[in-house]
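Please read it alongside the model.

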2 protein chains.
Amino acid sequence: MKEKIRLGIVGYGNLGKGVELAISQNPDMELAAIFTRRSVDSIKSYGKGVKIVNIDEANNYVKDIDVMILCGGSSTDIPVQGPYFASMYNTVDAYDNHAKIPEYIKAMNNVSKEAGKVSAVCLGWDPGLFSLNRVLLDAMLPSGKTYTFWGPGVSQGHSDAIRRVEGVKNAIQYTVPIEEAVERVRNGENPELSVRAKHRRECYVVAEEYADKDEIVNAIKSMPDYFVDYDVNVTFITEEELAKNHSKLFHGGFVARSGRTGEDRTNNHIAEFSLKLDSNSEFTANVLVAYARAVYRLSSEGSKGVKTIFDIPLTYVSDKSIEDLCKSYL
Amino acid sequence: MKEKIRLGIVGYGNLGKGVELAISQNPDMELAAIFTRRSVDSIKSYGKGVKIVNIDEANNYVKDIDVMILCGGSSTDIPVQGPYFASMYNTVDAYDNHAKIPEYIKAMNNVSKEAGKVSAVCLGWDPGLFSLNRVLLDAMLPSGKTYTFWGPGVSQGHSDAIRRVEGVKNAIQYTVPIEEAVERVRNGENPELSVRAKHRRECYVVAEEYADKDEIVNAIKSMPDYFVDYDVNVTFITEEELAKNHSKLFHGGFVARSGRTGEDRTNNHIAEFSLKLDSNSEFTANVLVAYARAVYRLSSEGSKGVKTIFDIPLTYVSDKSIEDLCKSYL
């Protein structure tokens, strides 16, 4: 019997939990340990007998773990944990702080090359599968335009931003693509679309009793980057309504490229990659786990340094043999 | 200035013409020559001053061409031309005779390995981009089901099959996905679908004057593989109507994977890759040309033998640098 790929999870929030479940769907993998900053006793994993370890002891497991899956947040956790773990382990992460990606990739490459390890970065669906399709379709239709629409779905970043507003007790934010813009893209009109024309933002907010609701609405609508460039609806609801009707962290969206060919560029082509996800974190976790397989194989072959989704062939990601792939998938 | 990738076209039908146009959309490439079985004088290329060469002289151009793009038919041309050209040149082809793909890959691998060349096989959109998405999405959602729908669009294989029926002067066949089946897949129902439940076939036929139309209808509807398992409509039209209303070789379709995650597998996810193509052959040509870039780069690095779309990372396909890709596409 072939040995299983031994995976570690760093950080046991929604994404870490999703990774535990994802590993159980892949018979060639096993969960070696979960690493946490919290008290080890406070972690209740899905699986029975799963080893839970304080993150400070992570350096003791280099012989027991083939790939570490980093499940912390992109704002403060991963920029620190990424290079730290890449100095000891092969890693996979879902780093998504767009403006800082080149800098992060450089840092990870230095550390993992030095350590003789492979680190696959910025995986998930965006960045991740959407990035892959942006590059693929750009190459297939050089004379064209690429569009990305997100939603309908819950943006955790925007929900968090609202929760930090004075007088807000709890909140959830749905990103909603604007149907008219979507239609124009799918019709091959290749429109120029402003930020406002593409998405609107629906906010459901639980206010503190003392709060001035008008002030909350103003604070949200005028928030730079997050809301000011969008049409925003704010609806106040009770904590009970929030719990009852707004607990699902679904998401999705699509990447479309529309491009022309032909002697007079009169033939239009539209390619689209779309996702409709009941659980954002569980799907993201599945992507991380599949790419952990690729990292394991690349490292076994002697690869070193950073890999992006653009560098990794599908033969490394799939659990099927190339013969199976050619026979049944080509 | 960087030297351009010098491409040859073998076979100047719809696909070969599409490749000529595709090359003109990629500034890092140039068309070195078109190879044809027909009389050299009978070929009118889009470009001025394009070198047209008889296919029997193809062995004289090994120093002038980096990659040969094979644009012949899969039934009789490519099984012969593939190994012949792979013994001298790097190649790209769109071989799509599904049952014989493993055998073809083996033959091409032997020849191109021996010659120290790279041959990328079975490219286009299906096999090709659809195959890539089948493998990608299978790995992302191991517990799920994959569906492929083709159309609405013109199937040239089915149109040809009708044209071979006694009494048929001309014909076109549209493959049409059945809306109810598509809806069920997109709703995440994960249905079991028979061949008949997924597609219907619409045939527009010009009959010879002497022909018995009932016999034509019977011959079409009972044709094994092509029609017998489908609901088929046959409409008789005039040659003028065919020319006026049925000249566009549009096509498309989609690959969808629907899969579940979560402790109780209650979260459903749907991923879909779809194409809507005004010109089947021009889009296929664009795919071939982008993968010719990858073949050129792989060969320059010393790679040898067959490559499928599963083996080739996107960094080889894109004309952008990895730094650009990470900055602008990730």
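**Briefing: interface, helix packing and backbone**

Two salt bridges are found by the rule across the interface of chain B and chain A; a salt bridge here is a side-chain nitrogen of Lys or Arg within 4 Å of a carboxyl oxygen of Asp or Glu. This is a predicted model, in which local features need pLDDT of at least 70 and side-chain atom pairs count only at pLDDT 80 or more, while totals for chains, interfaces and linings use all residues. Residues are numbered from 1 along each chain as its sequence is written, chains are lettered from A and ligands numbered from 1 in the order in which they are written, and side-chain values use heavy atoms, with hydrogens and water left out.

**Interface of chains A and B**

- The size of an interface is often given as the accessible area lost when the parts come together.
- Chain B and chain A bury about 6,000 Å² between them; buried area is the accessible area (1.4 Å probe) that two parts lose on being put together, summed over both.
- Carbon and sulfur atoms carry 61% of that buried area.
- In chain B, the residues losing the most area to chain A are M140(B), F310(B) and L330(B). Together they account for 14% of what that side buries.
- Contact (heavy atoms within 4.5 Å) links 71 residues of chain B with 70 residues of chain A.
- D138(A) and K320(B) form a salt bridge through their side chains, at 2.9 Å from N to O.

**Salt bridges overall**

- Over all chains, the structure holds 28 salt bridges.
- R6(B) pairs with D66(B) in a salt bridge, with the closest N and O atoms 3.0 Å apart.
- R6(B) lies in strand β1 (residues 5–10) of chain B and D66(B) in the loop between β3 (52–54) and β4 (67–70) of chain B, so this pair ties together parts 60 residues apart in sequence.
- Helices (H or I, at least four residues) and strands (E, at least two) are DSSP runs, numbered from the N terminus.

**Helix packing in chain B**

- Helix α1 (residues 14–24) of chain B packs on helix α10 (residues 280–300) of chain B at about 60 degrees, with axes 8 Å apart. Axes are lines fitted to C-alpha atoms, for helices over the stretch in contact, and angles run from 0 to 180 degrees between N-to-C directions.
- That makes α1(B) oblique to α10(B). Angles under 35 degrees count as roughly parallel, over 145 as roughly antiparallel, 65 to 115 as roughly perpendicular and the rest as oblique.
- Residues making this contact include L15(B), G18(B) and A22(B) of α1(B), and T284(B), A285(B) and L288(B) of α10(B).
- Helix α2 (residues 77–86) of chain B and helix α3 (residues 101–115) of chain B pack at about 20 degrees, their axes 8 Å apart. That makes α2(B) roughly parallel to α3(B).
- I78(B), P79(B), G82(B), P83(B) and A86(B) in α2(B) meet Y104(B), M108(B), V111(B), S112(B) and A115(B) in α3(B).

**Backbone points to check**

- Most residues other than glycine have a negative phi, and most peptide bonds are trans.
- G151(A) and P152(A) are joined by a cis peptide bond, with omega about 0 degrees. P152(A) sits in the loop between β7 (144–150) and β8 (153–154) of chain A.
- From D126(B) to P127(B) the peptide bond is also cis, with omega near 5 degrees. P127(B) lies in the loop between β6 (118–120) and α4 (129–140) of chain B.
- D225(B), a residue other than glycine, has a positive phi, near 65 degrees. D225(B) is in the loop between α8 (213–221) and β11 (231–236) of chain B.
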